[in-house]
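Me: I would like a close look at the strand pairing in this model. Please go pair by pair, then turn to the contact between the chains.

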Amino acid sequence: MNCCSVLVWDMERGDDATKRNDLNLWVQQYTSALLVHARQRVRKKDMAEDLVQDTFVAAWQGYESFRAESSVKTWLFGILENKIREYLRVVMRRGEQTEADLVCFSEDGNWLPEWRPQHWSVHVENGIVVDGDQHLLDNPAFLLVFDQCLDELPHTAAGCVCATYQQQRTGKEICQDLQIQPTQYWQLLHRARQQLRRCLDLHWFATHRHEPS
Amino acid sequence: MNAFLSSFMLSCQRANALSELRTHRPLSLTQHVQLRLHLAVCSACREFERQRHILDLLQRQHLSADALTQDLPNADSRDLVTRIQQHLDSLPPQKP
């Protein structure tokens, strides 16, 4: 009796060690790939990191349910994807209540001065944005500003933008996924657009406006 | 005539709303004409339309999945690896 319970205890402890070992290895192997994916979907660095950590905690808790016939990577990405959806749905619900509308127009319907579009000294050639004789997206200084502006979007708008521009999915699919109404979705995209436009204007185009092109 | 025209002319805000609407469903003929008219006379809203197109291209090209995979600094994920490992180590063994 006694020896059996020692044996069981020993096996459990052995399992725990294997589990810790496996998890440690997986964290080393897959964190980077998972983080890239999470950052693509939610944009916010802190949030993406938390989601990856949650993924491994869930993997830890569900370790016994993992079956070797699927690859570890696929399994982990599946967990992460669920975590991302959960997170975005919560963000959307909360955002609807807390985020104030952007006001870009005066009461009589004119652009407010700070929102009024100023000329951007770039043009479009064959679907590419060109600045002088350079592709704008090839300019590292611009990319830095662009990324910062994207990072400053509210969580809700960032989620919509990422879903729209990365995954090439239809508005309808995205709405189902995020559990929001189409009107809210369009409002968020609109909001993202105005805010990005303003941010790029302030931090890029305004400073390049007076340079000879 | 003037009163008729001005009731037909859109404010920038209204024009903006219509041009937003146009991205997800077709406008009615009246709406279409109203928007065209407004854009014909309003340089700010014309520039807005241009910027919308530019932003759309920039986002599509910059956020596409392949564009993003390259630019993650390694140090970022190294710190995170350590953080997660420490967190997992702190979890108690689970009861089966």
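Reply: Two strands pair if DSSP finds at least two bridges between them. Strands (E, at least two residues) and helices (H or I, at least four) are DSSP runs, numbered from the N terminus. This is a predicted model: local features need pLDDT of at least 70, side-chain atom pairs count only at pLDDT 80 or more, and totals for chains, interfaces and linings use all residues. Residues are numbered from 1 along each chain as its sequence is written, with chains lettered from A and ligands numbered from 1 in the order in which they are written.

In chain A, 3 strands form an open sheet. Their order is β1-β2-β3, and the pairing is antiparallel. The edges belong to β1 (123-125) and β3 (134-135) of chain A. Each has a single partner strand, so one side of each is left without a neighbour in the sheet.

Now the pair β1(A) and β2(A). Strand β2 of chain A covers residues 128-131. β1(A) joins β2(A) through 3 bridges, in the antiparallel sense. Within this pair, E125(A) faces I128(A) of β2(A), the two standing opposite each other. The hairpin of β1(A) and β2(A) has 2 residues between the strands. There, N126(A) adopts a positive phi near 45°.

Next comes β2(A) with β3(A). These strands run antiparallel and are joined by 2 bridges. D131(A) has Q134(A) of β3(A) opposite. Again the strands form a hairpin, with 2 residues between β2(A) and β3(A). In the turn, G132(A) has a positive phi of about 65°.

Which helices of chain A each supply at least two residues of the side that touches chain B? Count residues as in contact if their C-beta atoms, placed from the backbone, lie within 7 Å. On that basis, chain A puts 43 residues into the contact and chain B puts in 39 residues. The helices of chain A that each give at least two residues to this side are α1 (2-42), α2 (45-61), α5 (155-166) and α7 (182-208). α1(A) gives the most, with 12 residues.

Last, the partner chain. Chain B has 6 helices and 0 strands. Along its sequence the pattern reads α-α-α-α-α-α.

Methods:
Two residues are in contact if their C-beta atoms, placed from the backbone, lie within 7 Å.
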